[in-house]
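Here is a walk through the packing of a predicted model, with the cut-offs spelled out as we go. Have the viewer open alongside.

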Amino acid sequence: MGIDGLIILDNAGRSIIQSGFRSTTPAYPLLQIDAVNTALAAASRPTDVDPVIQVQHPSNSDIPSACCHVACGDLRILCPISGNVDPLVGFAFLQTFVDILQEYFGGVSLAIVKDNFDVVYQLLEETLDSVGHPLTTSHNALRDIVLPPSLFSKLLNAATANLAAIGGGTPIQGPPAGPFSSQIPWRKAGVKYASNEMYIDVNENLQAIVNKQGVPLTSSAYGKIEVACRLSGTPDCTLNFTNPQVMTDCSFHPCVRLQRWSRDKHMSFIPPDGHFVLAEYRYTPNTNSNSAITRFANPSSTAPSPKEVVPIPFAIKAKFEVEETTGTNGATGRAASFPGTLSATVMLMLTTRPIENVFVELNLGESAHAIKCVASRESGGLGRGLSALESGHAGSASASWSFDSRKKVLRWEIPNVPPSTHWSLQGSFAASTTPPRPSHALQVRFEIQSHTFSALKVDQLKITGEGYKPYKGVRGRSTGNVEWRW
Amino acid sequence: MAQAGQDAKFFTRGKIEEFRADLHAADAKDKKFVKRKTVLKKIVANITMGNDMSPLFTDVVQSLGTPLLEIKKMVYLFLVSYGRSAKPEQINMVIPFFLQDVNDRNPLIRALAIRTMSYIPIPVVTDALTESLRHCLRDRDPYVRKTAAICVAKLYAADPRRAEKGGFVEMLRDLMLDANATVVANAVAALSEIGDRPDGVIFKLNLTAANKLLSALDESSEWGQIYIMDSLLRFVPERHSDAEIMAERIVVQLQHANSAVVLTTIKILLYLMNYMENRRLIEYLCKKMGPPLVALLSSGPEVQYVALRNILLIIQRRPAVLKNDVKVFFCKYNDPIYVKLAKLEIMYRLARAENCREVLAELQEYASEVDVDFVRKAVRSIGRLAIKVEPGADGCIQTLLELIEAGLAYVVQEAVIVIKDIFRRYPGKYEGIIPKLCEHLDSLDEPESKAAIVWIIGQFADRIDNADDLLEVLVDTFLEESVEVQLALLTATVKLFIYKSKSEKAKELVHKILKWATEEVDNPDLRDRGFMYWRMLAINPTLAGEIVLAEKPPITTDSDRMDRGALDQLLLHTGTLGSIYHKNPETFIRNAAGRALTDSPALNPNSRAVLVHLPRPQIPGPPGLAPTDSLIPGEDAAPAPPLPPRRNPAPQDSHTDDDDVGDDSDNDAETAQNRNDDPYSNLDSAFSTYLADEPKPMGAGAHRGRNDDDLLF
């Protein structure tokens, strides 16, 4: 397996830190960086660059290789691979490394990496061997070998960056246990906490495409069970659900005993210390065994196969018209402008909970300008956009809109949609030189608190093997990403 | 440790002399070595930035005596960077420190020492390493053992004979039975690395060893699992049951959270299936593989891309895997273009009569998007869909006509190109739409589409009333056209003349164009073809007509499919670069170890029939020779081809219906097919093995027609 190394680039495409590249020529990392920068410069959108770039050595064709790369905040991390390697190993390693940085520093950014370069360098050294074998990547084991930055700087970082990764409780240093003294690779020995807690978050993400008739073409919810574990000693946990059948296609953290799951659908595990993803699953409703399906009014009764479709909690009606008024004028006539109107209405189908942070985005296409819109709630709650980019965020409860003139994206934001309300956006715009070609799809993002599409319910969390009684908490949250065509 | 924030200033360029002075100053009264640590940190920062710090070698190495792990680490980082290029006397200075650290009480320091030594492939260091490594491989601490295992591979790279003589390979084999799973995994990784070297000791597994490795699987880290499972490719099952039991043991790994583990598991399952007999188990495994593949699509776009390229390969060999999941491949507007294109290709592969309508509606949606490249491929896919799925052809034609009506130039061009192929696939069915195509003659300005419409006019000159007028206009610019269009014009005019030999205009046209082709044009292909037509027409016009208008072989989507043997071989590389580029690694990576299925009593007969033996002869094969040429629905590859059969292999010439959308996916099929001259021979075998080997898809019986032998019906 030849992961050749890791290179961290800043947003200008310069290398800040890179691993040793000891089994290659010194020119090699430079070539990789160059290839990525060239590809990025050539692409119209940075997201359109192939994630695996074939890199050819200019003078020596004996060194074929490819470069996997991902953007990560204001950084871009490259993972050159050579030989016939699985690019997924490259990407999985990149992801792991980003996770490690996240755990160590509470965030990943140019400033953080620069401030802690010595720790990052040591981490590189410990996680990746010179010929590309990933070594120790379990965060719990790494902490023994590479000391995290001091508590002080950690708190500083925590204040500025992501809070979730570090959390409140810091383990009390137990008796100094040797590295790898633990028999369990993902959990280090001798963890001690003053207060023992375990929080379980069930997050579900709806991915759906709805066609012009308002019928969901595809719609499925991907769930993730995230756990924040602050337990002393070596606890053995058993988590069971009242309705485990809603989880299909599960994948688990290595700590979960797979045999036990396949036998009686109990998740039995010795948890790693700290934050981790216990399991991921897909939710596809079954007609017979589901209560959630009745909670949504299905937007269209003609859905082709309701069996496989997670109902969308809202409905949108959109209309879009373009007229050509100024028209062609004489032989030289370049059509001067193409005014158009648009209107869209969102209505909530969910009757129990509000949807929050609804973002509706529409790409209006090149040369769109002179956008004027009114975002309103059908009964009261008026929000009005004033000018491009600075209009949004009017009131906390009212809707607003904005237009990103660089990306040509019209964004409509509704912070809170209470049950059974209607919201609408009316507006006009113009386009010069060419008829406007807006995308035929509205991208909708939303969140629902304390709700899951699958209605997955934790029955019991049993913790054995230790004497204490921990505090336990379970919480659900839904997000969605729906493409609504019109 | 210095405060965060201050560290950034270490990035300022440091001066060697200053560091040296600082290091010496640190010798005196340095409580807890704080000063020394700070200087070393600055030095390491400079190394990271690529500044040459090697002049400090002697000074830095002195710090190795400091009994502090943090300092040792930084010195070792320094050694790793400059040890290789150090002078002999400098290295000699370090050796005692190495030997001392190898026996340190702290296992971290022991491991650090041997790891650093293995990074410095200089004879003196290798000597020292050889001695210490032997102890470290038997160290009581697993961290040291696992580090030592990897070091063996490096020692082997530096000096293979010494490593073999020293018995290190045997010691690695012993480590495969270690109690600690990480040690086992690293031993396997080291053995694999050695085995992949052209001069390395071959690494093979027997049943007992393979089973032992499997029992370490559950406790390994994800990387360890990847190593271990990857090594199972070195196990050749001798009995069906061996393969079946092993598959049942690893199938739970499909539930792993790490995508690379999932894909490796799939690779091994696909490999083991070649050695299985139990049809129901194979079906069960295929069913199990689908969901994890689909789940990969909820990851980031990069992982999606890799997954999609692999799915494309897998569904060609095992269509049962994602048979009913075409919907998950529907593109979203915001998907990156590379994901969209990969999804488009898979949608086409998964299209069948049952889901044809959904797929078509989706493709139609894409054809209205903004991205030109994507729109063209979507339109092309509609055409391919029509050719592949007969019951859906009417709908496809209808959609294409609607798109032509809309009148966007690039859409029209693309539509004309695919409609030409549809005419050949369904002769006598859709010619009624020709007038509509001719209305848009003016908007066709690209060679490929222009050649397509010229072909259509020529081929159906007897049904197009004003064919002579149309051609006359087109011929006007003959001398400025590209070769592709010129060739098409030449043939079309000859066809027109044969259909309407009485027409004065046709006679005049054909005369004009033959004269141009033979006198004014430099391209030898064009000139040859001109002469050939001229002589044929001069000697026996009736016979010429029979030849030029001979019945054409029906076109199919055969060329979409890879050769089965090549596919089997590529699938052994599932999840590797080879599967992304759809090429065998030997072809683009020198020294890459080729992989091929190994024959054994358990190998199922269908896989054996297409077995590829290593080393596979490399037939470079000029592209013009690729037999797929004769599958090209372009010109008359009929019994007596009137055209020069080896046409200019310019890229724009190979207008098969799949070239662009499939990226390079078909190149491999071409090289694979080069081995025999008859382009159809292996298609038949591929088809028959498919029927014998696969769970028969629903209604397959009704679909065994000659034109319908795509893998997915």
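## Chain B at a glance

Of the 713 residues in chain B, 62% count as buried, where buried means under 20% relative accessible area, exposed over 50% and partly exposed in between, using a 1.4 Å probe and protein chains only. Chain B has 35 helices and zero strands; helices (H or I, at least four residues) and strands (E, at least two) are DSSP runs, numbered from the N terminus. Take the contacts in chain B with a separation of 6 or more: residues 24 or more positions apart account for 70% of them. Contact here means heavy atoms within 4.5 Å.

Some housekeeping: residues are numbered from 1 along each chain as its sequence is written, and chains are lettered from A and ligands numbered from 1 in the order in which they are written.

## The nonpolar cores

A nonpolar core is a set of buried Ala, Val, Leu, Ile, Met, Phe, Trp, Tyr and Cys residues joined through side-chain atoms within 4.5 Å. The largest one has 268 residues, and Ile43(B) and Leu133(B) have the most contacts inside it. Helix H2 (residues 87-105) of chain A is the top contributor to this core, giving twelve residues. At least three residues come from each of domain 1 (7-145) and domain 2 (197-293 + 453-485) of chain A; the domain bounds come from an automatic or database domain assignment.

What does Ile43(B) touch? Leaving aside residues up to four places away in sequence, Ile43(B) touches Phe19(B), Leu23(B), Met53(B), Leu56(B), Val60(B) and Phe78(B).

## A sheet in chain A

Chain A has an open sheet of five strands in the order E2-E1-E5-E4-E3, with antiparallel pairing; two strands pair if DSSP finds at least two bridges between them. Strands E2 (15-18) and E3 (52-55) of chain A sit at the edges with a single partner strand each, so one side of each has no neighbour in the sheet. On average, neighbouring strands are turned by 25° against each other, direction ignored.

Strand E1 (residues 7-9) of chain A runs antiparallel to strand E5 (residues 75-82) of chain A, and three bridges join them. Ile8(A) stands opposite Ile77(A) in E5(A). Helix H4 (residues 117-127) of chain A packs on the sheet, touching E1 and E2 of chain A, and its direction makes about 45° with that of E2(A). Axes are lines fitted to C-alpha atoms, for helices over the stretch in contact, and angles run from 0 to 180 degrees between N-to-C directions.

## Aromatic pairs

Over all chains, a search of the whole structure finds 17 aromatic pairs. Rings of Phe, Tyr and Trp (its six-membered ring) pair if their centres lie within 6.5 Å; planes under 30 degrees apart count as stacked, over 60 as edge-to-face and the rest as tilted. Phe57(B) and Phe78(B) have ring centres 6.0 Å apart and planes at 55°, so this pair is tilted. Phe57(B) is buried, at 1% relative accessible area, and Phe78(B) is buried with 1% relative accessibility.

Tyr305(B) and Tyr338(B) make an edge-to-face pair, 5.3 Å centre to centre with 85° between the planes. Phe93(A), Phe97(A) and Trp223(B) form one aromatic cluster.

Terms used:
This is a predicted model: local features need pLDDT of at least 70, side-chain atom pairs count only at pLDDT 80 or more; totals for chains, interfaces and linings use all residues. Side-chain values use heavy atoms; hydrogens and water are left out.
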